[in-house]
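Open the structure in your viewer and keep the sequence beside it. The stops below say what to select and what is there.

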Amino acid sequence: MNEVIGKGNVDFMFDTMKGATASLPVMKKKTGLIVSVSTSGNGTVLKKNHAPDLPSYLVLLLNIIDWLYTTYFSWRGVNYSSLYMSGNAEDLEGFSRWVGE
């Protein structure tokens, strides 16, 4: 993939299969954005919006993992964010609007 697309040519990637790390070379430095639905994401957001009974130790663990992902990509000059998708049309439309901005 890196040879076909070329280094630093991709502005945005929607990661659905944990391919973000392998795709780092094709992302634009400083302005590239990877949004992933294939990672656990932030525990605080998960508890607030989707799983109010999530134990505190899992919230902390997920927050640490999310921080590690975000920091790893930041060190390589790419912005990273995780997104929870529940698979409904409303979420997909909201994501569409967000990408269009």
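The tour goes from the whole chain to the sheet and then to one helix.

Begin with everything selected. This is a predicted model. Shown as a cartoon, the protein has 4 helices and 3 strands. Followed from the N terminus, the elements come in the order α-β-β-α-α-β-α. Along the principal axes, the C-alpha atoms fill a box of roughly 45 × 30 × 20 Å.

The accessible surface is about 6,700 Å², and carbon and sulfur atoms hold 59% of it. Of the 101 residues, 28% are buried. Colour by charge: there are 9 positive and 9 negative charges, and their mean positions lie 11 Å apart.

Now hide the surface and select the strands. In which order do the strands sit in the sheet? The order is S1-S2-S3, in an open sheet with parallel pairing. Strands S1 (12–15) and S3 (79–82) are the edges, each pairing on one side only. On average, neighbouring strands are turned by 15 degrees against each other, direction ignored.

Zoom in on S1 and on S2, residues 33–36. These two strands pair in the parallel sense over 4 bridges. Select Phe 14 and look across to S2: its bridge partner there is Val 35.

Note on methods:
Residues numbered from 1 in each chain as written. Predicted model: local features only at pLDDT ≥ 70, side-chain atom pairs only at ≥ 80, totals over all residues. Heavy atoms only, no water. Buried < 20%, exposed > 50% of the residue type's maximum accessible area, 1.4 Å probe, protein only. Areas by Shrake-Rupley, 256 points an atom, 1.4 Å probe, with all protein chains shown as cover. Lys, Arg positive; Asp, Glu negative; His and termini not counted. Charge placed at Lys NZ, Arg CZ, Asp CG, Glu CD. Pairing = 2+ DSSP bridges. Axes fitted to C-alpha atoms, helices over the stretch in contact; angles between N-to-C directions.
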